[in-house]
Amino acid sequence: MINAYVGCAIDSTVRYMATSGGVGSYLLKYLFDKGEIHTAITFDYDNEILKYVPRLIYKYEDYKMTGSIYHEINLIQFVKEHINEIKGEFACFVLPCQARAIRSILERSNVNSILIGLTCSSQQDLEATYYLIKYLNINRDEVTFIQYRGNGWPSGIQIIKKDGTKIFVPNNNSIWTQIFHSRLFILPRCFECQNTLNIYSDIVLADPWLKEYVIKEKEGQTLFGSYTNRGQSIIMNAINNGYITAKSINENAFTSSQYNTIVRKNGYKNHPNIKKRMKKIFTSSYYKSIVLASASLFKIHCMIKNKMERCLLYKTVNK
């Protein structure tokens, strides 16, 4: 990483509505406004399948701030299928497991791109959302909209039913926290991932999971940095042109914000036999059918999983 920063979008509404600070959204606005890109991707919510779906856009006004999306989207396939519809230079947000493949597809088609990477602890299958809805005793047919992040920080899942009822589940210390970290719904490849900080992107964004922000931050701040000269140039120009405010931070602080995820993934790497057992059990449809049959069994599973990962953490830190 060349430089690391903490900051937010200059627009307070965007800052509040975005996942954490709105820097990503306003970098996209800067790129469109200055003619540095001509195509990007936004996501529309499909309430029939309770899922976000990608769509190409050609101006910032068509961009929708959705916050984080906690279910898999096959963005690689989408880019492949719509490569001929990309006009001029292209930008999109990517997960660590998507960056290199999307970059390769674009380069083969001679499309210049800016990849704005997201740090990632793991990605969930859509079944995680379905389980949450079931846990809350909500019928899927009643749901008209779900937003996973946004509207303050760290916020939570916001569910709107057809009758207008709004349900909020915090991202921290809630049933969603247990679901998200249960490892029952993550994609199998997440057990193999070592690229938390999205090193193949041009610019990387992260939540400020640092004590000083966790204690007091409510509106949203973004940790961000660059891996390429083009990424660094975009960041500096966006700052100098008044799109985002930022102050430099130590790169170690940026890494520390993702400490737990990095240590856990190192634990998977350093203890492949334990990881292999966890992956085999937690991705087993038979095992999941048992532990998801009741809330009490799910909680027991979470206790066992936590104990296993604490063991991995101890072995890794004290290696």
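User: How many aromatic pairs does the count come to here?
Analyst: In this predicted model, the count comes to 19 aromatic pairs.

User: Take Tyr-30 and Tyr-243, then: why is the pair edge-to-face?
Analyst: The ring centres of Tyr-30 and Tyr-243 are 5.4 Å apart and the planes stand at 80°, and because planes over 60 degrees apart count as edge-to-face, the pair is given that description.

User: And where in the chain do those two sit?
Analyst: Tyr-30 belongs to helix H2 (residues 23-33), while Tyr-243 is in the loop between helix H8 (229-240) and strand S11 (244-249), so that the pair, 213 residues apart, links distant parts of the chain.

User: Are they buried or exposed?
Analyst: Both Tyr-30 and Tyr-243 are buried.

User: Which residues form an aromatic cluster?
Analyst: One cluster is formed by Tyr-45, Tyr-52, Tyr-70, Phe-145, Tyr-148, Trp-176 and Phe-180.

User: New topic: how do the axes of helix H10 and helix H11 cross?
Analyst: The axes of H10 (residues 259-270) and H11 (residues 272-282) cross at roughly 105° and come within 5 Å, and the two helices are therefore roughly perpendicular to each other.

User: Which residues meet there?
Analyst: From H10, Tyr-268, Lys-269 and Asn-270 meet Pro-272, Lys-275 and Met-278 of H11, and by class this contact has three nonpolar, one polar and two charged residues.

Note on methods. Residues are numbered from 1 along each chain as its sequence is written. This is a predicted model: local features need pLDDT of at least 70, side-chain atom pairs count only at pLDDT 80 or more; totals for chains, interfaces and linings use all residues. Side-chain values use heavy atoms; hydrogens and water are left out. Rings of Phe, Tyr and Trp (its six-membered ring) pair if their centres lie within 6.5 Å; planes under 30 degrees apart count as stacked, over 60 as edge-to-face and the rest as tilted. Helices (H or I, at least four residues) and strands (E, at least two) are DSSP runs, numbered from the N terminus. Buried means under 20% relative accessible area, exposed over 50%, partly exposed in between (1.4 Å probe, protein chains only). Axes are lines fitted to C-alpha atoms, for helices over the stretch in contact, and angles run from 0 to 180 degrees between N-to-C directions. Angles under 35 degrees count as roughly parallel, over 145 as roughly antiparallel, 65 to 115 as roughly perpendicular and the rest as oblique. Contact means heavy atoms within 4.5 Å. Ala, Val, Leu, Ile, Met, Phe, Trp, Tyr, Cys and Pro count as nonpolar, Asp, Glu, Lys and Arg as charged, and the others, Gly among them, as polar.
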